[in-house]
Amino acid sequence: MPDELRADVRLLGELLGQVIAEQGGPDLLADVERLRKAVIAARRRETTVDEVAALVNTWPVERAVEIARAFTCYFHLANLAEEHYRIRILRRRDSDNMPVPESLAQAVRDLKDDLGQDELNRLIAGLEFRPVLTAHPTEARRRAVVTAIQRVSAQLDAYNTPGRGAAEREEAHRRMLEEIDLLWRTAQLRSTKLDPLDEVRTAMAAFDETLFRAVPHIYRSLDAALEPGTSTRAPRSRAYIRYGSWIGGDRDGNPNVTAKVTREAVLIHAEHVLTALETAATRIARTLTADSVYTPPSEQLQAALAQAEGDFPDLVSEMATRSPQEPHRQWLLFTATRIAATRRRDLDLAYLSPVDLLADLRLAQDSLRDAGAFRQAYGELQNLIWQVETFGFHLAELEVRQHSQVHAEALAELNSGGRRSERTEEVLATIRTIAWIQERFGVKACSRYVVSFTRSADDVVAVYELAKHALGERAPVLDVVPLFESGADLDNSVAVLTGMMEAEPVRRRLAANGRRIEVMLGYSDSAKELGPAAATMRLYDAQAALTAWATANGVRLTLFHGRGGALGRGGGPANRAVLAQAPGSVAGRFKVTEQGEVIFARYGHQAIARRHIEQVTNAVLLASTSSVESRTAEAAAKFRALAGQVASASEQAYRALTEAPGFPEWFALVSPLEEIGSLRLGSRPARRGLGAPKSLDDLRAIPWVFAWAQTRVNLPGWYGLGSGLSAVLDAGGRAELQSAYKEWPLFASLLDNVEMSLAKTDKAIASRYLALGGRDDFAKQVLEEYDLTRKLVLEITGHTRLLESRRVLSRAVQLRDPYVDALSHLQLRALSALRSEESLTEEERDRLSTLLLLSVNGVAAGLQNTG
C-alpha cells in the first residue's frame, strides 16, 4: 500500500478505534481486534474459517451487532481514504506538460494527428454525452451516513493540505474525531422506506455539490485542448453534456411514482438549478467592477439598460446607484434578479425560457469583447453560459418509463368505452403532466417516454394513442423509446423498428426531429436470463444490427445503454465499455444510466466527476473515428464465430443451473435475498409479486445481483464463462482465444470484467453460504464452475493471478478482503440461525435480522457495490 494511503487508513482507523473504546468500552474494541486478527490469520492459512466462525458464535447477538457496526464504519473510512489518494494521484498526473492518459487533452492531441483539424471539428460539433440518473435501489448507505462521511472527508482534506500550521492541523484532527464520533452514533439502517421525492432530493445533492460546478471545467479543458488561449477568445468547445433523470419518472414496477410525483420532481429540479444560476450570476456581477471609462458598454447594452430602466425604474436605478459607472455589473445584477424572479414565478420579471437568459448573458459577453475585455467576456461569464446551456431551467430531462403491458391494458379499457381503472387514469394523468411540464419548462424538460418490454411496434404506437385519449390535438411532444431487455426482444429489435417506421405518429416525429431515433438496451435482465457471456454477445449483435438498420434507413440512431453498477448488470469501467461497442454504434453519442451507488461514486467529488466524464468523452471520441471502427470491425469479423461458440456453451451451462427445478428456492435459502427487501433501499418494490420466488422471472435484476454479492459468490458476473471457454479449448482454440483477448476490445472487456468479479469471490466463505440450502448438487455445480472459470480466464489472459494487470484495483480488493470476511462471518451466523428449523422468539428473530442487515450494509461498503 502506498505510504500516503497507509497513513490515512491508519489515522482514520485509530480515530475510529478511539471512538469505539469511548462509546462501547475497551472490551468492544478488544473483540473487534480479535476478529480482525482472526480473519487476517485465516487469509494467511494460520487458522481456518471454521475457527473464525466459532469465535463469532461465542458473542451474544448484541455484541455481534456492535462489531458489525465497527467494521461497517471502518469500510466507510477506508473508502474515504482511497478516494483521497485517488484525487491526489489525479492532481499529480495533471502537474506536467504531458496530457493525462484518457483525458480530453490526450484525445484531442491524438485525433488531430489521426484525423486532421477539420474532421476533429466535425466530430466535436456532434459530440453528446447523456448520463441519466436513476433511483434503482442500489445505494445501501443512508443519506445521513453519506453526509457524515463527507464531513470527515473535509477534515481529512484540511489535515493533509500542505502548508498548514500545527494549530490548523490539530483543529482538523479534533474536528475529524468529532465527525467520526457522530458517524458512529448515526444509525446505519433506514427506519422508514424512501418515497420517490426523497430519492429526487438525494440526487440533487450530486448536482448541488458537484455537477453544476464541474461541467464548465470540463468544457474549459476541452476548449484549452482544441486551441491555446482559452478565456481570451470565443470558445471552441460546446456544451455537449446533457443530464437526464428517471427519478420521479420511472413508474415501471413502482406504484409509488404517480403523475403528482413527476410534477413535483420537475419543480424540485427547477428550484435547484435556478438557485444555482442565480447564485452564480450574482457572484459574477459583484466581481464585474469594470468602469465604463476603461470598458465602455456597447450601444446594444446601453439600449438594453435603458429599456430595463423604463420597465423597472426603481429596481434599475437602485442598481445604478450601487454600481455607478459599471454598466456591465448593473446588467448582470439585473440578470440575476430576473433569474430569482423566474424561480419565484414573478411573471413581470421572470424569464420565459433559458434562451432569453442566454441572450442577455451573450449581450454582456459581446459588449465586454468589443471593449477589449476578453478575459471577462470568456472567463467566468462563459462558464455561466455553459451552465445555462447544459442545465437550462429544468436541470435534467425527466424521462418517463412504463411497462408495455400497462399501456396495452389501458388502451383496451379506453377503446371498450367501459369504466376506467385507477391505473388507466394514472397513465392518462402522466401524459397530461408531461404536457404541463413542456408548457412550463419546454419540450427538452420532458419528452422521452421509455417503454419497458417492447415486443412489437404496437407497444410504441400505443403511447401515441394514449396521448390522444389524454389530450387530443393538444397532446405533448413525445419521443417514444423502445426498451429491449430479454434475449428474444434483442433479437427482434430490428423488426420492431421497421414496424415503427410504418406508423404515422413515428414518421411525423422523425420528420420533426431530423430523423433522430433512440433505442434502449437493457443489460440487467438480459444478463439475468442468459448469463454474462451470452448476454454480452447478444447485446453486441443487437447494436450491430440496429446500427446497420439506421444507416440503411437514413436515421440518426442513439443507443441508450441501461447499465447497472455491478458487473452482473453491465457495470465496469465506462470508458472501456464505450470502446467495446459495435463499430458505428457510438458515432459521437453515448447515453447511459447512472444507478444507485454509482451516482455518488462518480459524482460525489468534483475531481472524480471530472475524471469520469473526461474518460468517457475520450472513449466516445476515439470510438467514433474510422480507424478505431475499422480495427474493431476487423476483430469482430475475425473472432465473432469463436465468441458465438463461447456464448452458446456458456448460456447452456448457465441455464442448466438457473432453470433447474428447485434452484430459485435454494437461492433464497443460501442468500439474504428475502431480507434485502427490509433494507428500505428505495421506493421501488424489490420483487415482482408476493411469496418466495418460483423462477428467475419473479426476481428483479438488482436483488438477484445484490444477494449473490453478499454470499461472496458473485455468480451473475462470471457463471458459465468457464464452460464456454472450455468448449472452445476442447476443440483446440486456445491460441485463437488468446488472440481474441488481445485484439478485440469486446472480448477483452468481457474477460477483464469476469476477472474482476472472480477477484471479489471468496470460495471458502462462499462454500459456507451454499451449504445453507441443503442441495449439495447445486453447491458442487457452482464451485466447480468457479474453479473452471478462474483457471481458464487466467490461462487466456496470461495472468498468473487475478487482477495481475490491475495493480490499483488488486490492492483495493486485497486491502478489503479480510475485513469483508469478518462481516461475512457475522452475516453467516445470523443467516444460519434464521434459516434453521429451531423455533425463535420474535425478539430473537428481530435481533438476528438487525445483525444480518447491518452486515449486508457493511459487505456492500466493503465490496463497493450492491446491485
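**Helix packing, sheet order and an aromatic pair**

Helix H4 passes helix H37 in a left-handed crossing, a crossing being left-handed if the near helix is turned anticlockwise from the far one by less than a right angle, and right-handed if clockwise. The model is predicted, so that local features need pLDDT of at least 70 and side-chain atom pairs count only at pLDDT 80 or more, while totals for chains, interfaces and linings use all residues. Residues are numbered from 1 along each chain as its sequence is written, and side-chain values use heavy atoms, with hydrogens and water left out. Helices (H or I, at least four residues) and strands (E, at least two) are DSSP runs, numbered from the N terminus.

Two packed helices are described by the angle between their axes and the distance between the axes. Axes are lines fitted to C-alpha atoms, for helices over the stretch in contact, and angles run from 0 to 180 degrees between N-to-C directions. For H4 (residues 61–93) and H37 (residues 807–835), the axes come within 10 Å and cross at roughly 160°. The two helices are therefore roughly antiparallel to each other; angles under 35 degrees count as roughly parallel, over 145 as roughly antiparallel, 65 to 115 as roughly perpendicular and the rest as oblique. Contact means heavy atoms within 4.5 Å. Residues in contact include Phe71, Phe75 and Tyr85 of H4, and Leu815, Tyr819 and Arg829 of H37. The contact of H4 with H37 divides into 16 nonpolar, two polar and four charged residues, where Ala, Val, Leu, Ile, Met, Phe, Trp, Tyr, Cys and Pro count as nonpolar, Asp, Glu, Lys and Arg as charged, and the others, Gly among them, as polar.

H4 also packs with helix H2 (residues 26–43), at an angle of about 70° and with the axes 10 Å apart. That angle makes H2 roughly perpendicular to H4. The crossing of H2 and H4 is right-handed. Among the residues making the contact are Leu28, Val32 and Leu35 of H2, and Ile67 and Phe71 of H4. By class, the contact of H2 with H4 has six nonpolar, no polar and five charged residues.

Helix H24 (residues 532–552) and helix H28 (residues 626–658) have axes that come within 8 Å and cross at roughly 140°. H24 is thus oblique to H28. Their crossing is left-handed. The contact involves, among others, Met537 and Tyr540 of H24, and Arg640 and Glu651 of H28.

Strand S6 (residues 479–484) and strand S7 (residues 516–522) run parallel and are joined by two bridges. Phe484 stands opposite Leu521 in S7.

Rings of Phe, Tyr and Trp (its six-membered ring) pair if their centres lie within 6.5 Å; planes under 30 degrees apart count as stacked, over 60 as edge-to-face and the rest as tilted. The count by this rule is 29 aromatic pairs. The rings of Phe667 and Trp704 have centres 5.0 Å apart and planes at 70°, so this pair is edge-to-face. The pair links distant parts of the chain, with Phe667 in helix H29 (residues 663–670) and Trp704 in helix H31 (residues 701–710), 37 residues apart.

Definitions and conventions
Pairing = 2+ DSSP bridges.
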